[in-house]
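I opened my notebook to look through one protein model.

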Amino acid sequence: MIEVKGLTKRYGAKAAVDNISFTVKEGEILGFLGPNGAGKSTTMNIITGYSSSTEGEVTVGGTEIFENPIAVKKMIGYLPEHPPLYLEMTVKEYLSFMYDLKKVKVSGVSKQKHIEEICGHVRIDDVYGRLTKNLSKGYRQRVGLAQALLGNPGVLVLDEPTVGLDPKQIIEIRNLIKGLGKKHTIILSSHILPEVQATCERVVVINNGKIIADDTPDNLSRAMSTDHKLTIRVDGPEDDVQKLLLKIPGMLRVDKLGVREESAYDFSMEAEPGADIRREAFKRLAERSWAILGLKSSELSLEDIFLQLTDESNKKSYIQSTEDPGADGEAADEAEQ
């Protein structure tokens, strides 16, 4: 649905975006991440037609944005970090104004009907007649999202849609975005990384104007994890459980973490790379009727991945470790620059 090729944006000698390329498939929810100053907002502004590029191209639905910007903008709904709301207007007046400003045309549906349908979809029916300035932050975000949905665009670009919201509002917006993903292609930018991990199927991480990762959160976690640890909680005698776990083939070490429940102890288990000791641990503990009350992996969270990738040394090692051995070394050359 969206294809970015060799995109570069320079401000004098400074490259805010440096020859990046990625695609977003139709119906995909993509998390677009990067620290402040990484080039994230610049890229999103170019994709939405708010800014021009120095080099490269962006196509949306097969149409190049700089060749036919009006056609592309009709395919994109954009929610900036600070929604462009007119606080002295009611929600109804604001959406009506934006409908006319965007020159929206929806076949077979009247203006009023279309706006009412969107308001119902983002659940702002109950504030339809209220002044925007009197709405809570959560409702203002919903009004901004309703504005982005006018005209039923195939693509939504959402920049920090949950910023400033309370936990309940964040969950509501997250669920709303997931629902929109069934009918729209979405690029989502957010600093709340657990929200991205819960919402997005894939993430692109940009730093210093370059893409440093492009994969699913799970694949990135597996690729970057240098340890192979599990934490297990067992209802059984502490010393005997530790001795039993140490005898499992591929087990490197088992450390006691202490009692967590009555007669139940936690242990940290570290296995050899590539060894999956879970089934054997279950089998041996079951033979002694020692119940497993908990088992969790120490795989990296998206927040851990983000912090490692945006550190220069970890970024370089990740690019080099995932580079195709038969490639021409372009990725490694970029990492050295």
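**Entry 1: the cavities**

I began with the largest cavity, whose lining is made by Pro161, Thr162, Ile173, Arg174, Ile177, Leu188, Ser190, Glu195 and Thr199. This is a predicted model, where local features need pLDDT of at least 70, side-chain atom pairs count only at pLDDT 80 or more, and totals for chains, interfaces and linings use all residues. Residues are numbered from 1 along each chain as its sequence is written, and side-chain values use heavy atoms, with hydrogens and water left out.

I noted what the words mean. On a 1 Å grid over the protein atoms alone, a cavity is a set of points where a 1.4 Å probe fits but cannot get out; a pocket is an open set with protein on both sides within 12 Å along at least five of seven lines; lining residues have an atom within 4 Å of a point. Grid points are joined across faces, edges and corners, and a volume is the space filled by probe spheres set on the points.

How many cavities of 30 Å³ or more does the structure hold? I found two. The largest cavity has about 50 Å³ of space. Which element gives the most to its lining? It is α6, with three residues. Both α6 and α7 (193-199) supply at least two residues each. For elements I used DSSP runs, numbered from the N terminus: helices are H or I with at least four residues, strands are E with at least two.

I sorted the lining of the largest cavity into four nonpolar, three polar and two charged residues. Here Ala, Val, Leu, Ile, Met, Phe, Trp, Tyr, Cys and Pro count as nonpolar, Asp, Glu, Lys and Arg as charged, and the others, Gly among them, as polar.

The second largest cavity has a volume of about 30 Å³. Its lining is Leu79, Gln141, Leu145, Pro161 and Ile173. That makes four nonpolar, one polar and no charged.

**Entry 2: the largest pocket**

Next I looked up the largest pocket, with a volume of about 650 Å³. I saw 20 residues in its lining, and Lys73, Lys74, Ile76, Leu101 and Lys102 lie nearest its centre. Two or more lining residues come from each of α2 (69-74), β6 and α3. The largest share, four residues, belongs to α2. By type, the lining of the largest pocket holds eleven nonpolar, four polar and five charged residues.

I turned to the sheets. Two strands pair if DSSP finds at least two bridges between them.

I checked one pair. β7 (residues 155-159) and β8 (residues 185-189) run parallel, joined by five bridges. Val155 has Thr185 in β8 as its bridge partner. Axes are lines fitted to C-alpha atoms, for helices over the stretch in contact (heavy atoms within 4.5 Å), and angles run from 0 to 180 degrees between N-to-C directions.

**Entry 3: the four-stranded sheet**

Another open sheet has four strands in the order β2-β1-β4-β5, and its pairing is antiparallel. β2 (14-24) and β5 are its edges, each with a single partner strand, so one side of each lacks a neighbour in the sheet. Five bridges join β1 (residues 2-11) to β4. Val58 in β4 is the bridge partner of Val4, and Lys5 stands opposite Glu57. In the hairpin of β4 and β5, Gly61 takes a positive phi near 60°.

Is Pro83 buried or exposed? Pro83 is buried, with a relative accessible area of 17%. Buried means under 20%, exposed over 50%, partly exposed in between (1.4 Å probe, protein chains only). Pro83 sits in the loop between β6 and α3 (91-101). Leaving aside neighbours within four places in sequence, Pro83 is in contact with Arg140, Gln141 and Gly144. Pro83 and Pro161 are 78 residues apart in sequence and 9.1 Å apart in space, C-alpha to C-alpha.

My last stop was Ser51, in the loop between α1 (40-47) and β4 (55-60). Ser51 is buried, at 19% relative accessible area. Beyond its neighbours within four places in sequence, Ser51 is in contact with Lys9, Asn45, Ile46 and Phe66.
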